2 protein chains.
Amino acid sequence: MTSVDEPARPNGRIRDAARTQAEILDVATQEFARAGYDGARVDEIAARTRTTKRMIYYYFGGKEQLFTAVLERAYGVIREAEQKLDVEHLDPVAAIRRLAELTFDHHEQHPDFIRLVSIENIHGAEHIAASEKLGRIGSPALDVIRRILAAGQESGLFTADVDAVDLHAMISSFCFFRVSNRHTFGALFGRDLVDPAQREHYRTMLGDMVIAYLTADRATD
Amino acid sequence: MTSVDEPARPNGRIRDAARTQAEILDVATQEFARAGYDGARVDEIAARTRTTKRMIYYYFGGKEQLFTAVLERAYGVIREAEQKLDVEHLDPVAAIRRLAELTFDHHEQHPDFIRLVSIENIHGAEHIAASEKLGRIGSPALDVIRRILAAGQESGLFTADVDAVDLHAMISSFCFFRVSNRHTFGALFGRDLVDPAQREHYRTMLGDMVIAYLTADRATD
DNA sequence: GCGCTAATGTACGAACTAGTACGTTAGCTA
DNA sequence: TAGCTAACGTACTAGTTCGTACATTAGCGC
């Protein structure tokens with residue numbers, strides 16, 4: 001299921017640096033997501049690739065840097081998706097609900113990414129800190145939220161004192177938890193949070209929650 | 001900082017099975033939470049104990065079972081805390097807010113527990129599944145939520161179609177995410193979700209969110 | 001076609017790590 | 001106080017795992 005297919009070559013190996021690197025990253029993503037950083041095996045990653053372990057060290061330098069590269073690519077994917085967000089033509093309430101739903105969908109569709117982020121948190125985000133790419137590139141989604149919030153607050157639809165980063169945290173927490181904690185939650189409470197039959201239910205619940213929060217009138221003290 | 005101090009014994013070792021086991025569990029909890037399941041080192045756990053690695057295998061059988069025992073004890077602590085919940089004398093709105101706040105506080109005070117749960121999710125909750133104790137002991141908090149919800153729905157304060165498990169998931173997701181993802185979130189957005197100065201802010205935000213969700217009037221379609 | 005370099009493969013090693021075989025002793029009981 | 005067993009310690013091993021030294025070749029530029 002990798003995006004690369006090879007031109008029919010008799011028996012030999014093809015030289016294609018980009019393809020080799022991409023394939024290593026594909027497999028490494030799966031392996032790290034499956035077993036965690038320390039649980040992942042470099043030999044196992046190599047074995048599931050058309051190349052050898054030698055290439056992992058040739059291109060990435062080591063296990064640590066490979067994981068960083070995996071993270072960088074994974075974050076790249078979501079940033080790309082966020083750039084395609086097109087909700088600002090909607091009224092603020094509909095826009096926020098739509099944004100929440102897209103966040104919900106994206107989390108559901110990328111469980112490996114969720115696992116990688118969980119793993120990175122276990123390790124204190126040290127790989128993000130070590131990465132130049134991931135340094136501090138605020139997400140496009142945040143800009144979108146900022147603009148919608150401003151519009152909603154101006155028109156008096158939204159409570160005034162809500163911050164974009166906090167709202168992003170609120171939406172993310174629900175979407176993230178549902179995927180990241182589905183195993184323990186399911187084992188303890190007997191309910192599968194990612195059951196396809198309940199998908200619409202939770203999607204609606206998230207939207208309702210966020211809109212209710214934004215439009216509630218609170219005592220300002 | 002362990003809860004056990006020894007009776008002044010000249011130079012010798014004291015025999016105290018319970019103390020030895022408790023000390024192993026204390027250290028193991030820290031070590032697993034620090035480094036993840038595969039990152040944790042049995043030798044390291046033993047070294048930070050007044051006993052030896054042999055005892056870990058003597059009492060627990062192996063690394064796998066040790067982690068399960070650590071989880072069992074950690075879940076026991078929160079179940080104990082939940083049993084002390086005393087909010088049902090309040091009106092439903094105040095009761096739910098108080099419950100949310102106590103959940104918030106508990107998550108903040110037990111980051112190691114959060115990490116253990118994250119780790120267990122990476123491993124598909126297989127240790128919970130393997131544990132007899134953790135099999136399916138519904139949390140006391142859930143019963144409390146159930147009763148408050150029923151009261152709130154009866155009196156017409158709360159929207160009728162909200163379920164206790166779902167509400168528990170909603171509250172937990174916010175509290176859990178704030179602690180579990182603080183490193184990546186901080187690194188990416190430059191905001192520390194567990195900054196003490198922001199503690200009250202997020203605590204209030206959680207309560208506002210939950211109450212707004214429960215009391216909002218939604219179109220029933 | 002020649003040569004040069006990026007790309008690749010093979011084989012191996014040093015260090016680590018979970019787990020165990022075997023021996024010892026504290027301290028309760030009769 | 002003799003004896004027994006739960007509790008404990010030491011030393012070791014078998015297998016694993018990251019990483020590398022060394023050898024090889026594809027294919028582009030000239």
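How are α9(A) and α9(B) oriented to each other? The two helices are roughly perpendicular. Angles of 65 to 115 degrees count as roughly perpendicular, under 35 as roughly parallel, over 145 as roughly antiparallel and the rest as oblique.

## The model and its confidence

This is a predicted model, in which local features need pLDDT of at least 70, side-chain atom pairs count only at pLDDT 80 or more, and totals for chains, interfaces and linings use all residues. Residues are numbered from 1 along each chain as its sequence is written, while chains are lettered from A and ligands numbered from 1 in the order in which they are written.

The pLDDT is the predictor's confidence in each residue, from 0 to 100. Chain A averages 91, and 92% of its residues score at least 70. Residues 1-12 of chain A fall below 50. Beyond near neighbours in sequence, this stretch has seven contacts in the model. Two residues are in contact if their C-beta atoms, placed from the backbone, lie within 7 Å. Where pLDDT is low, the predicted coordinates should not be read in detail.

## The fold of chain A

Chain A has 11 helices and zero strands. Helices (H or I, at least four residues) and strands (E, at least two) are DSSP runs, numbered from the N terminus. The C-alpha atoms of chain A fill a box of roughly 70 × 40 × 35 Å along the principal axes. Of the contacts in chain A with a separation of 6 or more, 67% join residues 24 or more positions apart.

Of the 221 residues of chain A, 39% count as buried. A residue is buried if 20 or more other C-beta atoms lie within 10 Å of its own, exposed if 12 or fewer, and partly exposed in between; the C-beta atoms are placed from the backbone. Take A:I148, found in helix α8 (residues 140-154) of chain A. A:I148 is buried, because 25 other C-beta atoms lie within 10 Å. Leaving aside neighbours within four places in sequence, A:I148 is in contact with A:E88, A:P92, A:A95 and A:I96.

Helix α1 (residues 17-39) and helix α4 (residues 63-83) of chain A pack at about 105 degrees, with axes 10 Å apart. Axes are lines fitted to C-alpha atoms, for helices over the stretch in contact, and angles run from 0 to 180 degrees between N-to-C directions. The residues of this contact are nine nonpolar, one polar and one charged. Ala, Val, Leu, Ile, Met, Phe, Trp, Tyr, Cys and Pro count as nonpolar, Asp, Glu, Lys and Arg as charged, and the others, Gly among them, as polar.

## How the copies meet

Chain A can be laid on chain B with an RMSD of 0.0 Å by a turn of 180 degrees and a shift of 0.0 Å along the axis. The two copies are thus related as by a two-fold rotation axis. Copies are superposed by least squares on the C-alpha atoms of residues with pLDDT of at least 70 in both.

In the interface, 43 residues of chain A are in contact with 44 residues of chain B. α9(A) gives the most to the side of chain A that touches chain B, with 10 residues. That side divides into 22 nonpolar, 13 polar and eight charged residues. The copies meet through the same surface, because 100% of the interface residues of chain A are also interface residues in chain B.

α9(A) and helix α9 (residues 164-180) of chain B have axes 8 Å apart, at about 105 degrees. Among the residues that meet there are A:F174 and A:F177 in α9(A), and B:F174 and B:R178 in α9(B).
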